[in-house]
Amino acid sequence: MNLLDQVIDKASYLPVFPQNVPQLLDLLDKPEIDADEVVNLIAFDPSLTTNVMRLCNSVRLGGGSPATDLHEAVIRLGFQEVYQLVVALSSAKVLMPPQKGYGLDATELWQHSVATALAAKSLAEQTGEDASLLFTAGLLHDIGKVVLAQTLETKYAGLLAEITENQHSLLEAEKKLLGVQHAELGGRLLARWNFSALTVASVWFHHDPALAQPHARLASHVYLANMIAHFMGHGYGHLPFAMRGRAEALELAGVTAQDLPRHMIQTFENLELLRDLLYFKG
């Protein structure tokens with residue numbers, strides 16, 4: 001058993017993620033999507049069903065009579081929109097609690113993750129990559145912190161010292177103190193949850209996308225989306241200053257620095273749309 005699995009298996013709290021999310025993501029890859037299959041994967045969860053119906057009947061989305069059942073709501077919204085709502089809501093229970101080992105208050109990790117997911121989606125719409133896959137990777141890119149935060153609660157001062165006094169990146173500080181870092185741990189978690197190799201690599205290497213070959217292009221989208229979220233103010237504490245700049249990520253993703261302000265605006269607009277439905281307070 002490798003060290004990543006040992007850390008995961010020894011964690012006093014291990015996040016649980018619904019099995020229907022990777023199954024839904026797989027459905028989106030089919031040439032023809034059966035709405036009944038989508039409905040069957042979310043109908044068992046009353047909370048998800050309620051929120052899909054709320055989104056469909058939202059005044060913001062406007063017009064027409066309210067949808068009367070989940071099948072109709074799925075058809076009206078479209079499969080991509082339903083999937084993104086489901087994965088966002090499913091991750092809220094995991095990402096909303098405070099992560100004391102990183103000095104994060106309640107909702108801080110969640111807010112950053114949602115902003116990153118929407119920025120990744122915006123980038124994908126420009127470059128022609130899979131928007132739902134990148135939305136998922138952006139949303140879950142810091143899931144490894146949920147596991148490491150438990151151990152870091154007793155080592156937070158040491159983490160800060162490594163970053164501020166020794167000028168280490170966050171990943172370097174984690175590796176020195178714990179033997180593993182959050183990005184690789186998150187990738188391993190997603191692999192255990194049966195997400196695709198593309199999604200796993202995009203999370204595992206989101207701080208150094210060039211190492212993600214042959215999936216470096218997708219990982220670079222998550223790297224840039226993470227930076228966009230920080231630029232927008234959806235970061236937390238000292239951590240933005242513990243990130244390493246990767247200029248090659250722009251070239252890998254196929255975008256330019258001049259494109260980034262437009263993606264920031266698009267991300268902000270999408271956050272506004274999801275604010276009420278996702279209990280998001282920016």
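Guide: Two residues are in contact when heavy atoms lie within 4.5 Å. Helices (H or I, at least four residues) are DSSP runs, numbered from the N terminus. This is a predicted model, in which local features need pLDDT of at least 70, side-chain atom pairs count only at pLDDT 80 or more, and totals for chains, interfaces and linings use all residues. Residues are numbered from 1 along each chain as its sequence is written, and side-chain values use heavy atoms, with hydrogens and water left out.

Visitor: Which residues of α6 meet which residues of α7?

Guide: From α6 come Gln84, Ala88, Ser91, Ala92 and Leu95, and they meet Leu109, Trp110, Ser113 and Lys121 of α7. This contact comprises five nonpolar, three polar and one charged residue. Here Ala, Val, Leu, Ile, Met, Phe, Trp, Tyr, Cys and Pro count as nonpolar, Asp, Glu, Lys and Arg as charged, and the others, Gly among them, as polar.

Visitor: At what angle do α6 and α7 pack?

Guide: Axes are lines fitted to C-alpha atoms, for helices over the stretch in contact, and angles run from 0 to 180 degrees between N-to-C directions. Helix α6 (residues 79–95) packs with α7 at about 155 degrees, their axes being 10 Å apart. The helices α6 and α7 are therefore roughly antiparallel, a term for angles over 145 degrees.

Visitor: How many salt bridges does the structure hold?

Guide: A salt bridge is a side-chain nitrogen of Lys or Arg within 4 Å of a carboxyl oxygen of Asp or Glu. The structure holds 10 of them. One of these joins Arg217 to Glu129, with the closest N and O atoms 2.5 Å apart. The pair links distant parts of the chain, 88 residues apart: Arg217 belongs to helix α14 (residues 216–231), and Glu129 to the loop between α7 (108–127) and α8 (131–139).

Visitor: What is the separation of the closest N and O atoms in the salt bridge of Arg262 with Asp259?

Guide: It is 3.6 Å for Arg262 and Asp259. Arg262 is partly exposed at 46%, and Asp259 is buried at 15%. Elsewhere, salt bridges with shared partners join Asp5, Asp9, Arg188 and Arg192 into one network.

Technical notes
Helices (H or I, at least four residues) and strands (E, at least two) are DSSP runs, numbered from the N terminus. Buried means under 20% relative accessible area, exposed over 50%, partly exposed in between (1.4 Å probe, protein chains only). Angles under 35 degrees count as roughly parallel, over 145 as roughly antiparallel, 65 to 115 as roughly perpendicular and the rest as oblique.
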